[in-house]
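Biologist: I'd like to learn how to read a model like this one. Could we look at it together?

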Amino acid sequence: MERNSTVWKNLIDEHPVCTNWKQEAEGAIYHLASIFFVVGFMGGSGFFGLLYVFSFLGLGFLCTAIWAWIDVCAADIFSWHFVLFIICFMQFVHVAYQVRSITFAREFQLMYSSIFQPLGTPMPVFRLIALSSEVVTLEKEHCYAMQGKTSIDKLSLLVSGRIRVTVDGEFLHYIFPFQFLDSPEWDSLRPTEEGTFQVTLTAETDCRYVSWRRKKLYLLFAQYRYISRLFSVLVGSDIADKLYALNDRVYIGGKHHYDIRLPNFYQLAGPGKPRSPLIGYFRNSRQHCDK
């Protein structure tokens, strides 16, 4: 303890105090380096934020190295700042290579810019999501799923085209680009459960969609909690959109619109009253959303 006190005393108390300050300012290179440091530390996060930070910090260290070589003539100051410049340059090249190496097909680029980028999803995370999926083409009037026959074994997101959803031949709603094809079915089952579609999904135009296999996606959820929460938000929002789409088609007695936010809708239809198949689908979807 006494030894530490002695060292501290030598550094602070017995160190000579500057008495003769330089009257002239340092050269322009030194001040330019300071400006680069200030601007560099204003960088943000993410890949492009790292590129911003390392580029300006590297320029700042390069300027201070030049200043130490030309004005100060101090080999140690020059050496340290030049080494720091090399480190920043190598980091810049490494990050730039990572950004350049992350390239996707057109469908994934559209999906990222429309859905995941507004949520602040980092590009490396989206790369994991994209690598776990596949792009599938669905021709016009071909079915993605058939009521009571197709098993629920995947989750799909429409990228282009339009899908018609029907139940017992009655039209429910359309699915448009960047909406999930089977979010209610996906959310209705536990990871270990199996089931079949309660609706029929038919392509009205030539469609392309991105699909994730059920088991592979749950494995990704187990490895990355962030991706699990992200899909939970996306699927929940998609189910809510579908419920509001159904709300425009569901009527109760007296031809009044029913508001899906009101409780106990199914009990409004008495045992003697015929029920539209819309009501059964609406009830199941609402139960999934309330879980």
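Biologist: Let me start with a charged pair: with which residue does Glu107 form a salt bridge?

Modeller: The general idea is that side chains of opposite charge can pair when their charged atoms come close. Here Glu107 bridges to Arg208, with 2.7 Å between the closest N and O atoms. The two come from distant parts of the chain, Glu107 from helix H5 and Arg208 from strand S7, 101 residues apart. The rule for a salt bridge is a side-chain nitrogen of Lys or Arg within 4 Å of a carboxyl oxygen of Asp or Glu, and by it the count is seven.

Biologist: Before we go on, what kind of model is this, and how are its residues numbered?

Modeller: This is a predicted model, in which local features need pLDDT of at least 70 and side-chain atom pairs count only at pLDDT 80 or more, while totals for chains, interfaces and linings use all residues. Residues are numbered from 1 along each chain as its sequence is written, and side-chain values use heavy atoms, leaving out hydrogens and water.

Biologist: Which residues are linked in a network of salt bridges?

Modeller: Glu141, Arg162, Arg164 and Glu204 form such a network. Take Glu141 and Arg164, whose side chains meet at 3.8 Å, N to O. Glu141 sits in the loop between S1 and strand S2 (143-145) and Arg164 in strand S4 (residues 163-167), so this pair ties together parts 23 residues apart in sequence. Another of the pairs is Glu204 with Arg162, at 2.6 Å between the closest N and O atoms. Glu204 is in the loop between strand S6 (200-203) and S7, and Arg162 in the loop between S3 and S4, so here the parts tied together are 42 residues apart. Glu204 is buried at 16% relative accessibility, whereas Arg162 is partly exposed at 31%.

Biologist: Which way do the side chains of S4 point?

Modeller: In a regular strand, side chains alternate between the two faces of the sheet. In S4, Ile163, Val165 and Val167 point one way, Arg164 and Thr166 the other, and all are buried. Because five of its five residues are buried, S4 is largely enclosed by the rest of the structure.

Biologist: Which strands does S4 join?

Modeller: Two strands pair if DSSP finds at least two bridges between them. S4 runs antiparallel to strand S5 (residues 170-175), with five bridges, and antiparallel to S6, with four. Ile163 stands opposite Ile175 in S5, and its bridge partner in S6 is Ala203. The hairpin of S4 and S5 has two residues between the strands, and Asp168 there takes a positive phi near 55 degrees.

Biologist: What is the order of the open sheet of three strands?

Modeller: The order is S1-S7-S3, with antiparallel pairing. Strand S1 (133-138) and strand S3 (154-160) are at the edges with a single partner each, so one side of each has no neighbour in the sheet. From one strand to the next, the twist averages 30 degrees.

Biologist: Finally, which residues touch the most other members of the largest nonpolar core?

Modeller: A nonpolar core is a set of buried Ala, Val, Leu, Ile, Met, Phe, Trp, Tyr and Cys residues joined through side-chain atoms within 4.5 Å. The largest has 26 residues, and Met111, Phe116, Ile129, Phe180, Trp212, Leu217 and Phe231 touch the most other members. Helix H5 (106-116), helix H6 (123-131), S3, S7, H8 and helix H9 (225-247) each give two or more residues to this core. H9 supplies the largest share, seven residues. A second, separate core of 19 residues includes Leu158, Leu181, Leu201 and Tyr209.

Note on methods:
Axes are lines fitted to C-alpha atoms, for helices over the stretch in contact, and angles run from 0 to 180 degrees between N-to-C directions. Buried means under 20% relative accessible area, exposed over 50%, partly exposed in between (1.4 Å probe, protein chains only).
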